[in-house]
Amino acid sequence: MAAQHPTPPQAPQPLLFGELEMEILSWIPAKPLTRLKLVCKSWNSIISNPHFVKLHLQRSPKNANLLVTLGEISPEGEVSVVLSSVESFIRNPSSTLTAQDGCHSLGVRGWVLGSCNGLVCIWDGNEDYPHDFQFRLWNPLTGFSSVKSPPLHVKSDASFGFGYDESSDGYKVAAVYINYTDNSWETTVEVYRFGSSSWRNIDSFPAFPIAIEEDGMYVGGTLNWLALQNTKGGVYDWGAVTLDMLVIVSLELKSETYKQIQLPNGIDELPSHMPSLNVWGYCLYLSHDYKKTHFIVWQMKEFGDEISWTQMLKISFQHINVELPLPLFICGNGDIFVLTASNGDISKIVLYDPRVNSVEHINILDKNHFAITNDYVESLGLENVTPMITKIDRKSAKELDCLNPMAWLQEW
């Protein structure tokens, strides 16, 4: 009988050369990659591949960069955006906000609605039709911009939100506006998916959106607004609001349905001023004053889990020497809180480090200017969605030395 010989163990399959190239390139920051596309055709093909773009986004550093919107409070005030690392901003906010490099003008009627996966949603108003709004996607790194959405005509106060719908691998804008009739009100909610041809009506908002001038906060595939439940009239007095009326309304972009999230149990009385919702580092934050003496910030560690509300900060106004600050952003896991506050003619940046209980005030903007920040991650997205592309921002392209990224390859 012939001897049986054991089958030798299978050696792991080596990566093919193209796969190895993709693996290495996926760890390189986005900005150098835009230049590496010009090295050879194979690299251009890899870097332009939608699968590679998603892989690279997953491996890009999170919570490391900011998109700062700078505006002037006047009818003719111009809006601009500045890209900055969190580290640079904390080290020198003044130079960040006055930087010329990396500063992009949005004009008088432009505004940043939000940022997601390295794409920024810009809404453009129309001077001739002030109630009409159009939206577009823009990648500040590459300069690519999508075609504008169809115009949305809004007759009353409106709030907008921007986010990513993973189920359709698409980006959506939601518009919430209030229709008043006598002493009652109702809401209209419309949704636009980039790349589609029209806006769609969905179910109306299930509560009264009290901060209608605030944008919906995107986190975990949802847009979130503060609202009042069980209110009858469209006009309300904050002094008549009770704590149990306050709720967070969350719109899931996948199903386009709502759910309500309760505020932290630790809030035992109605704040003197309306609370504020923010998102940093993929977490929802709620901030408010307490008895007009302290400033409190809560973090929802697991989105949708009301038990996960955790108090991140409670500090006296006296200690930070401002009356009513607003969070600009939070660095890391509450390592440094960056707040804004107005002091008469000057708007301040307040840096608070709870580790050493230190407070630093930086006067950078006068009362006619303001700054708002969004989380931002550098991405190669949008360039690959060819039907959506309308133009390349020449300023961004010039900064990348690739006004026409394919020109050199076409000549080669």
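At the start of α4, which backbone nitrogen does a side-chain oxygen of Asn49 reach? The first close-up below gives the answer. This is a predicted model, in which local features need pLDDT of at least 70, side-chain atom pairs count only at pLDDT 80 or more, and totals for chains, interfaces and linings use all residues. Residues are numbered from 1 along each chain as its sequence is written, and side-chain values use heavy atoms, with hydrogens and water left out.

View 1. A side-chain oxygen of Asn49 comes to within 2.7 Å of the backbone nitrogen of His51. Buried means under 20% relative accessible area, exposed over 50% and partly exposed in between, with a 1.4 Å probe and protein chains only.

**View 2. Thr96 in helix α6.** Helix α6 spans residues 93–97 and includes Thr96. Thr96 has a relative accessible area of 7%, so this residue counts as buried. Setting aside neighbours within four places in sequence, Thr96 is in contact (heavy atoms within 4.5 Å) with Val82, Ser84, Ser88 and Phe89.

**View 3. Ser115 in strand β4.** Strand β4 runs over residues 110–116, with Ser115 among them. Ser115 counts as buried because its relative accessibility is 19%. A polar atom of the Ser115 side chain lies 3.3 Å from the backbone oxygen of Asp375. Beyond neighbours within four places in sequence, Ser115 is in contact with Val120, Phe162, Asn374, Asp375 and Tyr376.

View 4. How many disulfides are counted? With a disulfide taken as a pair of cysteine sulfur atoms within 2.5 Å, the count is zero.

**View 5. The whole protein, for orientation.** Nine helices and 27 strands make up the secondary structure of the protein. Of its 412 residues, 50% count as buried. Among contacts with a separation of 6 or more, 50% join residues 24 or more positions apart. The accessible surface (Shrake-Rupley method, 1.4 Å probe; for residues, only the protein chains shown count as cover) comes to about 20,900 Å², and 52% of it belongs to carbon and sulfur atoms.

Terms used. Polar contact = N/O pair within 3.5 Å; in protein donor to acceptor, adjacent residues only side chain to side chain. Helix = DSSP H or I, 4+ residues; strand = E, 2+ residues; numbered from the N terminus.
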